[in-house]
Amino acid sequence: MNNSNPQAIFANQSKRYFQYLQTHIATNSMVSKATGIPQKNLTRYKREFEKKGLLKEVCRKLCRLTGFRASYLTTNSDLFRKSNLKKN
């Protein structure tokens, strides 16, 4: 990867974000700490994946990292149905 190419950097970060949320249920703050990807970028990727139906909120509760109420997220489609049941 060419580090001077912003498009390549964003594409790599987006891919890492998606892959991380395949095996972890986490808030963006937690993902940022674990991956080193800036939280500002994660917010952008979250919106893109939500629009495509590839990311869902599992629940909202206090973030273990920040202590503030936050969305716990996943890209693991096996967990999507469970998250929809909790909201109904």
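Colleague: Buried means under 20% relative accessible area, exposed means over 50%, and partly exposed is what lies in between. Which label does Phe18 get?

Modeller: This is a predicted model, and the values are computed from it. Phe18 has a relative accessible area of 23%, so it counts as partly exposed.

Colleague: And Phe49, is that one buried or exposed?

Modeller: Phe49 is buried, because its relative accessible area is 9%.

Colleague: How many aromatic pairs are there in the whole structure?

Modeller: A search turns up three. One of them is Phe18 with Phe49, a tilted pair with 5.3 Å centre to centre and 50 degrees between the planes. That pair links distant parts of the chain, since Phe18 is in helix α1 and Phe49 is in helix α3, 31 residues apart.

Colleague: Why quote both a distance and an angle?

Modeller: A pair of aromatic rings is described by the distance of the centres and the angle of the planes.

Colleague: Okay. Which residues do the ring pairs link into a cluster?

Modeller: Tyr17, Phe18, Tyr45 and Phe49.

Colleague: Let's stay with Tyr17. Where does it lie, and is it buried or exposed?

Modeller: Tyr17 is part of helix α1, which covers residues 6–23. Its relative accessibility is 0%, so it counts as buried.

Colleague: How far is Tyr17 from Ser32 in space?

Modeller: The C-alpha atoms of Tyr17 and Ser32 are 8.9 Å apart, and the two residues are 15 apart in sequence.

Colleague: Tell me about Asn28. Where is it, and what else does it touch?

Modeller: Asn28 sits in helix α2. Besides Tyr17, and not counting residues up to four places away in sequence, Asn28 touches Gln39, Leu42, Thr43, Lys46 and Leu73. Its relative accessible area is 10%, so Asn28 counts as buried.

Colleague: What about the rest of α2? Which residues there are buried?

Modeller: Asn28, Ser29, Met30, Val31, Ser32 and Thr35. With six of its eight residues buried, α2 is largely enclosed by the rest of the structure. Those buried residues pack against α1, α3 and β2.

Colleague: Why would nonpolar side chains end up together?

Modeller: In soluble globular proteins, nonpolar side chains tend to be buried together.

Colleague: Now the strands. How do β1 and β2 run?

Modeller: They run antiparallel, and six bridges join β1 (residues 56–62) to β2. Leu62 has Arg69 as its bridge partner in β2, and Cys59 has Tyr72. Together β1 and β2 form a hairpin with six residues between them, and Gly67 in the turn has a positive phi of about 85 degrees.

Colleague: Is β2 enclosed or open?

Modeller: Five of the six residues of β2 (residues 69–74) are buried, so the strand is largely enclosed by the rest of the structure.

Colleague: Last one, the big picture. How many helices and strands does the chain have?

Modeller: Four helices and two strands, and from the N terminus on the elements run α-α-α-β-β-α. Of the 88 residues, 36% count as buried. Among contacts between residues at least 6 apart in sequence, 50% join residues at least 24 apart.

Key: Residues numbered from 1 in each chain as written. Predicted model: local features only at pLDDT ≥ 70, side-chain atom pairs only at ≥ 80, totals over all residues. Heavy atoms only, no water. Buried < 20%, exposed > 50% of the residue type's maximum accessible area, 1.4 Å probe, protein only. Pairing = 2+ DSSP bridges. Contact = heavy atoms within 4.5 Å. Phe/Tyr/Trp six-rings, centres within 6.5 Å; stacked < 30°, edge-to-face > 60°.
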